[in-house]
Every structure is written in structure tokens, then in C-alpha cells.
Amino acid sequence: MQQSFETEYKKYLQLLTRNKERFVVWALAIMTAVFLLSFILPRKYEATSTVFIEKNVIGELVKGITVTPSMEQTISVLTYEITSRTLLTKVADSLDMTLGKSQSENEVLIRNLQLNTQVKVKDRNLFTISYTDKNPKLARDYVNTLVRTYIEQNTSSKRGESYGATQFLSEQIKAFNEKLQKAEAEVNSYKREKGGVISINEGKLFEEINSAQQKLYDLELKRRQLEGMRQVTRKGSDPLQLKLVALQKRLDELKVQYTDNYPEVLTVKGDIESVKEQLKLRKGGEVLSLDPQELARIDAEIGALKVSEEGLKRYIASNRQLLQSIPQAKAGLAKLEVEWENQKKIYDQLFARHGQSEVSKQMEVQDKSTTFRIVDPALLPVKPSSPNRLKLMLLGIVGGLAGSFALLVLADQLDPSVKEVATVRESGLPVLAVIPRVRDPLGEAASRLRSRRIFAASALYFLLMLVFPVMEALDMPHMDRLLDSVYAFKTETVNRVLH
Amino acid sequence: MSRIEKAMEKAAFLRRQGDDSAARPRGVDVPQPAAPVASPSPATQEFRAPVSPRYGTLAPDSPYLVSLKDPHCPAAEEFRKLKSVLVKMTTGESFRNSILVTSSVPGEGKSLTAINLAVSLAQELDHTVLLVDADLRRPSVHRYFNVEQGAGLAEILAGEVEIAETIIPTGIGKLSIIRAGRSIDNPAELFGSQRSRGVLAELKNRYPDRYIILDSSPVLSFAEARTLAGQVDGVLFVVMERLASQTNVREALDALKSSPLLGIVYNAATVDETDGRYAYYRESGARRKDSPPVAP
């Protein structure tokens with residue numbers, strides 16, 4: 001491996017030493033061609049504008065209150081926005097570039113503009129827009145117009161956005177206001193409807209029912225008493241009855257002390273029998289002998305008690321019903337109220353946002369939020385950006401050497417002559433002697449002189465050529481002026497010939 | 001190579017050039033058949049190698065003639081190795097002494113390989129060597145040896161001169177050369193002729209211990225290399241690194257299939273400088289740099 005590399009290296013070195021004059025001349029020829037090319041290539045000028053995305057102090061101050069369009073997003077789509085078809089078309093129109101051109105030509109134009117426009121973002125809030133064109137003036141005007149148009153459009157779009165947002169919020173607020181009012185009305189009407197029910201305290205009601213129940217019992221008791229009394233009153237008013245009652249009483253008392261065969265008991269018993277006999281005889285019509293006044297009073301009292309009893313019963317029943325209906329009514333109200341509250345919440349939020357958006361709108365209107373500031377407007381480019389002659393020339397020098405060497409190798413590869421003893425050996429004949437190249441001092445001196453002359457001339461020529469890159473490096477525009485005058489002369493001649 | 005070494009080399013080089021111009025006769029531009037010369041040299045300098053009276057000791061100055069100029073460099077060493085391999089291959093029961101050097105396409109170093117091999121062989125005491133420039137279309141041997149073109153193989157094949165008249169001793173070991181001679185339109189036909197075979201056989205058989213090395217044209221471009229390849233005892237096929245394509249090599253070898261191919265000489269190989277294999281040679285080469293790298 002090492003061996004083969006060494007032999008290869010030696011092979012190329014020999015190739016180079018053998019053909020050094022040719023190598024130098026070819027290299028110079030390639031260099032000359034590249035140099036010429038660097039001058040012949042159409043010159044292109046680049047105009048660049050730097051735009052600063054300024055964040056206003058107010059923005060920081062009103063942070064949270066206002067909602068400003070996000071800058072990050074703006075920057076991320078900047079390139080696309082700037083090279084968008086609509087914007088470029090607008091710019092081309094305003095620069096009269098589309099004047100008198102067909103649709104397809106315009107397409108090509110726009111595509112070229114897109115290709116030659118470059119947007120670069122640096123440091124997050126600084127970006128440059130550059131454009132290359134053959135015409136330096138056009139490049140400058142284009143960049144400036146593009147930047148201006150973009151900023152205008154951006155500002156107006158942001159304003160539009162803010163306006164839109166405010167408008168949307170207003171509309172929403174209006175709609176929600178209506179909804180809220182409706183909900184409120186519903187709640188109110190419900191309250192009106194079930195207001196009594198809702199406001200009743202359940203415990204109290206329960207107590208009331210209980211006390212009413214108690215009262216009812218009391219009334220019933222009283223009525224019963226009265227009814228009982230009425231009976232008694234009727235009996236009391238009959239003397240026979242009274243006598244009977246007294247006798248009965250006497251009998252009872254006697255029975256406690258005495259047996260039934262006690263005379264007095266027997267007497268009383270007889271009396272009772274006789275009274276009873278009398279009472280039986282007196283049956284029919286003799287009853288009214290009672291006190292009618294007293295009776296009527298009792299009856300009236302009983303009637304009144306019955307009425308109030310009825311009333312109480314009804315009261316209790318209705319209250320019981322009421323008690324049952326309270327939870328339902330309350331649930332209905334709660335539902336309505338929740339609905340209303342939700343509406344209200346949204347409405348409040350919307351209202352708050354509306355206030356923010358109003359401030360944002362005002363900021364946008366007064367340009368108080370982020371703004372684009374043109375730090376560096378595009379200037380008329382003096383020096384062509386392309387071709388980069390210096391680079392091209394340096395490349396030409398390197399490429400000339402490399403290309404010349406490649407040509408040498410290629411020529412050597414293509415050379416069909418016998419190059420090695422091994423080739424001759426293949427013929428099958430014995431190689432009797434390998435005679436090294438004999439040096440002829442005279443001839444060598446002559447060839448040395450010749451190659452020295454060639455080298456000297458080449459060196460001189462190379463130094464002469466170096467003038468051009470040096471001129472380029474020092475920004476000396478002599479060559480451009482010369483080329484311009486040559487082109488001018490050519491066009492003039494062509495025009496003269498044509499007319 | 002250090003700067004001092006370079007300077008020294010350059011100085012030596014200049015000195016040699018001065019010597020050459022002094023030694024060589026002026027106005028050699030008129031190529032004419034030389035007077036008949038016997039192959040063994042009459043006048044011997046400090047070595048026993050024969051020297052042509054007309055050309056003296058030949059003084060090649062191409063730095064590519066490593067066997068001569070820098071005999072201790074790795075390339076020269078490789079040629080020596082090639083030589084010993086070749087000697088081993090050719091001296092068997094019969095002495096296969098005629099060797100053709102060729103390649104698939106022009107410029108692969110055929111002539112230099114032939115010359116270096118010839119010099120290397122000649123420097124050995126056992127062998128005499130005759131280097132024949134058989135590339136009649138683009139002859140180059142004479143250029144490397146710094147002699148003007150004159151009567152050579154073309155004339156021999158045309159029957160205009162005798163072989164002996166065209167052989168030039170170099171003064172380098174026992175090496176002689178035959179130049180290509182004047183340019184002719186149809187070398188392929190000439191080589192295909194019966195006369196050509198006769199000439200080759202004569203060259204081969206005149207001295208049994210002599211190596212005949214033929215530098216020919218490329219195989220793919222012309223037909224004569226193929227013809228010649230059939231007539232010699234062995235063919236060396238030169239392949240230069242990074243010149244001929246693999247297809248070229250394959251086609252050329254296919255064309256030479258019926259010839260006695262000895263093997264391939266792989267030329268201008270890339271040598272890894274850091275490879276330890278050649279370090280020894282370099283050092284020894286550097287040590288001897290003080291003495292002029294010219295062969296005797």
C-alpha cells in the first residue's frame with residue numbers, strides 16, 4: 001500500500017517535472033480564461049435594506065392589558081410574507097416593471113423577483129432584505145419599495161386585526177347582553193310565580209302545621225265536651241230524671257255500706273222503680289220540659305267549633321301540600337339562576353376583553369405598539385455583488401493549477417505510447433537492455449534556457465494578471481468603466497447598423 | 001551535476017571541438033571516392049587501431065555516444081550489458097555476426113543504439129566491428145562520426161565501388177564504418193536485389209570474427225528494413241519510451257515475425273534518480289570526470 005502510494009506519487013511527480021513548461025502554460029491559459037470569464041459575466045448589483053422591529057415602551061407598560069399581535073409569529077412568516085406573490089405584484093406594479101408585459105412574462109418576472117429577493121433575520125428583531133439585479137438603480141428602488149409596502153401592509157393588517165377583534169367582541173357582548181336579559185327576566189318571572197313558595201321557611205311551616213294539628217285536637221276535645229254537656233243538660237232539667245239520678249246516687253252510696261237486703265236499700269230501689277215507672281208513663285211530649293235556652297247555646301258553640309275545625313283541617317292540608325312543593329320550586333329557581341350566572345360570567349369576561357381590545361385598537365391606531373423601523377434604507381450599490389471577481393480569480397488561480405495538472409494526467413492517460421519496460425515485455429521478446437535516457441549537456445542547457453524563458457515569461461504574465469485581482473481587492477473600478485464603455489460602444493454600433 | 005563539473009565539461013568540449021577543426025582537413029565538402037585504401041591501416045598512432053589517411057582518427061562529439069564519451073554512465077553500462085548478451089547469443093556453433101538494428105517508427109534511437117553497440121563491441125579486444133549505415137533515406141552515422149557523406153552502401157549496391165573503398169576506419173578500437181552514400185530513390189528494390197545479398201554475404205564472411213552492425217530505416221515507414229531483416233543473422237528492435245505507440249510496436253514486431261529477432265532494446269527509459277541501483281555508477285562516473293571522457 002505504502003509502496004504503491006509512493007510509486008504513484010513519484011509517477012505524478014515525474015509527470016510534472018517532465019511537462020513543467022506545459023503545466024505552467026496550461027495553468028496560465030485556464031487562469032486567463034477564468035479571469036476573462038469574471039469580466040464577461042454579467043454584473044449583478046445587490047441592494048440591502050435593514051429593518052428593525054421596534055418594541056415600544058408602551059407595549060411593556062400595558063402588557064397584560066392589551067393584546068398585541070405576536071412578534072415571533074410575524075418573524076417566522078416574514079420571508080414568506082415578503083416574497084408573497086401579492087406583495088411582489090404590488091411592488092412590481094408600483095415600479096412599472098409589469099408595464100406592457102403579458103401574463104406569462106409577468107409570471108416569469110415575479111418568479112425572478114422571488115428568487116432574487118433574500119430575507120435574513122438576525123437577532124430576532126433585525127432583518128435584512130436584499131435583492132440582486134443587473135440594474136443597480138432598480139435593485140435599490142425595488143428593495144425600498146418592497147420594504148415600504150410590506151411595512152404599510154403589515155401595519156394596516158395589524159390595525160385591521162385589532163379593529164376586527166374589537167368589532168367581534170362588541171357583537172358578542174351585544175348578543176350575550178340579550179341572552180343575559182332574557183335569563184334575568186325568566187328568573188324574575190319564576191320568582192314572581194313561585195315567590196310565596198320560595199320565600200317560605202320550611203321549618204316554620206312545619207311548626208305551623210304541627211301547632212294547627214294541636215289546635216285541631218283541642219277543638220275536637222272541646223266539641224266532644226260540649227256534646228256531652230248537652231246530653232247532661234237535657235237530663236238535668238227533668239225533675240224525675242234528677243230524682244232518678246239522685247236515687248241512683250243514693251243507691252250507690254248505700255251499696256258501699258250495706259247489703260242489698262238493707263231496708264233502706266230496698267226502699268231506694270223501690271223508689272227508683274217507681275220513678276222509672278213514672279218516666280215511662282210520661283214518655284212522649286213531655287221531654288221539652290228541658291231548658292231550651294241553654295241547649296241552643298251549647299249547640300251554637302258546637303257548630304262554631306266544627307267550623308273552625310274544618311278550617312284548621314283545610315289549613316293543615318294546604319300547608320302540607322305547600323311543604324311538599326317547596327324543594328321543586330327551589331330547584332327550578334336554582335337552575336334558572338345558574339343559567340343566568342353563566343351568561344353573566346361570559347358577559348363580564350367579554351366586557352373586560354372588550355376594554356382591552358379597545359386599548360389595543362387605540363395603540364395600533366396611534367402606532368404605539370411594535371413598529372418596523374427602517375434602520376438602513378437600500379442605497380445605490382456601487383460595486384457589483386456578483387460575479388465576485390476576486391473570489392473567482394483566486395479560484396481561477398487554484399483551478400488553473402489543478403486543471404492543468406488534471407489535463408497533464410489525462411493527456412498521459414490518453415497517450416498510447418509505450419511508457420514502461422513492462423509493456424514491451426508483454427510482447428514475449430526478451431528485453432536485452434534498458435538504456436536510460438542519455439543527457440545531452442548542450443541540449444539540456446538549451447532546453448533549460450528555453451524553459452527558463454518560458455518560466456520567466458509565465459511569471460511576468462502571471463504578475464500582470466495579478467494586477468486584476470489586486471485591483472478588485474482595492475476596489476478600483478477601472479475595469480468596470482472600460483467594460484461599460486466597450487458595451488456602450490457595442491450597443492451603439494449595433495444600433496447604427498440596425499438603423 | 002554540479003556547476004563546476006558542467007563548466008569543466010564545457011571546457012573539455014570546446015577544447016575537443018578546437019582539436020577537431022584543426023585536425024580535420026578544410027574544405028571537406030567535396031565528396032569524392034577516396035583513393036583505394038587497404039582495410040588495415042598503414043599508419044598507426046599510439047593505438048593499433050587503424051586510422052584513415054583521409055579522415056584521421058574520427059572524433060565524434062555527440063554526447064549521446066555514451067560508450068565513447070562517458071563510458072561510466074549508466075547508459076554506457078547498459079550498452080556493455082547489451083553487448084555481452086549479444087556476444088553470448090551470437091557465438092554458438094556458428095557465428096551469427098550480422099545484426100540489424102531497427103525500430104517501428106523514426107527517431108527511436110536506432111543509429112545511436114547501433115553506434116553505441118558497435119563502439120562497445122569494438123572496445124573489446126576480441127572483435128572487429130563494421131558499422132554499416134543501411135538507412136539510405138535518412139542516413140545519420142556519418143553525422144555522428146563527423147565525416148562528410150561520401151561513397152557508401154548505396155554505391156556498393158549500385159556496383160559503382162568496391163566494398164574496400166568505402167570502409168573508413170574510425171580509430172576507435174577496431175571499429176570501421178561504411179556510410180550510406182548518396183541518396184537513391186529505391187532503396188527497397190536495391191536491398192531486395194541479388195546483389196545486395198551478395199554484398200551482405202561478402203561483408204559477413206570477409207573476416208569471420210567481425211561483427212556487421214546494420215543501422216536501418218524504421219519498419220513501419222519503409223519496406224527495406226523488413227527485407228534486410230530477412231537477410232541478417234539477428235535483429236535488434238529498439239523501442240523508445242513515450243514515442244511509438246503500443247500498436248506501432250505490435251505491428252512492427254508482427255512484420256518482423258519471420259526474421260531472427262534477438263530481442264528488444266528499451267531506449268530512453270525514465271530512471272528514478274533516487275534509485276540506489278545507479279548510484280554506484282554515477283559516483284564512479286563522477287570520479288573519472290577529471291580525465292577527458294573521450295575514448296582513445
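**Reading the interface of chains A and B**

The side chains of D412(A) and R242(B) meet in a salt bridge, 2.9 Å from N to O.

Me: Before we start, what kind of model is this?

Reply: It is a predicted model, where local features need pLDDT of at least 70, side-chain atom pairs count only at pLDDT 80 or more, and totals for chains, interfaces and linings use all residues. Residues are numbered from 1 along each chain as its sequence is written, chains are lettered from A in the order in which they are written, and side-chain values use heavy atoms, with hydrogens and water left out.

Me: How many salt bridges does the rule find across the interface of chain B and chain A?

Reply: The general idea is a side-chain nitrogen of Lys or Arg within 4 Å of a carboxyl oxygen of Asp or Glu. Here the rule gives two across the interface of chain B and chain A, and the D412(A)–R242(B) pair meets in a salt bridge.

Me: Where is R242(B) found?

Reply: Look in the loop of chain B between β6 (234–240) and α11 (246–255); helices (H or I, at least four residues) and strands (E, at least two) are DSSP runs, numbered from the N terminus. Phi of R242(B) is near 60°, a positive value in a residue other than glycine.

Me: Does R242(B) count as buried or partly exposed?

Reply: Buried means under 20% relative accessible area, exposed over 50%, and partly exposed in between (1.4 Å probe, protein chains only). R242(B) counts as partly exposed because its relative accessibility is 25%. A268(B), in strand β7 (residues 261–269) of chain B, counts as buried because its value is 4%. Phi of A268(B) is also positive, near 55°.

Me: What area is buried between chain B and chain A?

Reply: Buried area is the accessible area (1.4 Å probe) that two parts lose on being put together, summed over both. Between chain B and chain A this comes to about 3,000 Å², with 63% from carbon and sulfur atoms. In chain B, R242(B), I264(B) and Y266(B) lose the most area to chain A, together 26% of what that side buries.
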